[in-house]
Amino acid sequence: MNAAAPERILLAYSTTDGHTLRICQRLQQVMESEGKQVTISLLTEAGTRDLSQFDRIVIGASIRYGKHQPTVAEFISRHQALLESRPSAFFTVNIVARKPNKNTPETNPYLIKYLKTMSWQPALTGVFAGKLNYPIYGPLDRLMIRFIMLITSGPTDPKTVVEFTDWAKVEEFGRAVCALPVPTSATA
């Protein structure tokens, strides 16, 4: 008797400075330890895949200046029917989530606002604080982000590199994605 094939999960992401990819890689470790087969793909490349081959789809998206990249909404709009046919999840990565009163799906203003802009409602949502890395930013981004940090009581030293991500929270989200029930029609 053959063992059943492992469930397949797609982690499709957009990132500005690479930290959302690191979060996806941690999610992959957790999900694979749960016996899942995981593929990580940039959102721009994920749309060219046969998405029906995945039992679960997770979209991760970074925010810069209060906005997700346009490719996120484009991907969701183009694949909404498929996303709705199987367990799907969405997480956002932003620096404002470093604050305890803005680090959950129910309290993060960016996630709340974004979900109101679309009809797709994922089965699971997550919010993770990102990474502040002034040395890699260009001059304009460094200036703008330092200003934002000044008015939000964050670090402003241009040499600062701070990872605000709560990795235990990321791992918990990965286990929650694996626990989402899969309708039998999604695996057929």
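Me: How many salt bridges does the count come to?

Reply: This is a predicted model, in which local features need pLDDT of at least 70 and side-chain atom pairs count only at pLDDT 80 or more, while totals for chains, interfaces and linings use all residues. Residues are numbered from 1 along each chain as its sequence is written, and side-chain values use heavy atoms, with hydrogens and water left out. A salt bridge is a side-chain nitrogen of Lys or Arg within 4 Å of a carboxyl oxygen of Asp or Glu. By this rule, the count comes to seven.

Me: Which residue meets Glu7 in a salt bridge with an N to O distance of 2.4 Å, and is that partner buried or exposed?

Reply: Glu7 lies in the segment before strand 1 (8-14), and its partner lies in strand 3 (residues 56-64), 49 residues apart; helices (H or I, at least four residues) and strands (E, at least two) are DSSP runs, numbered from the N terminus. Buried means under 20% relative accessible area, exposed over 50% and partly exposed in between, with a 1.4 Å probe and protein chains only. Glu7 is partly exposed at 24%. The partner, with a relative accessible area of 2%, is buried, and its name is Arg56.

Me: Which residues are linked with Glu7 in a network of salt bridges?

Reply: The salt bridge between the side chains of Glu7 and Arg56 belongs here. The network links Glu7 with Lys36 and Arg56.

Me: How many aromatic pairs does a search of the whole structure find?

Reply: Rings of Phe, Tyr and Trp (its six-membered ring) pair if their centres lie within 6.5 Å; planes under 30 degrees apart count as stacked, over 60 as edge-to-face and the rest as tilted. With this rule, the search of the whole structure finds six.

Me: What kind of aromatic pair do Phe90 and Tyr114 form?

Reply: Phe90 is buried at 0% relative accessibility, and Tyr114 is buried with a relative accessible area of 12%. Their rings are 5.7 Å apart, centre to centre, with 20° between the planes, and the pair is therefore, by the cut-off of under 30 degrees, stacked.
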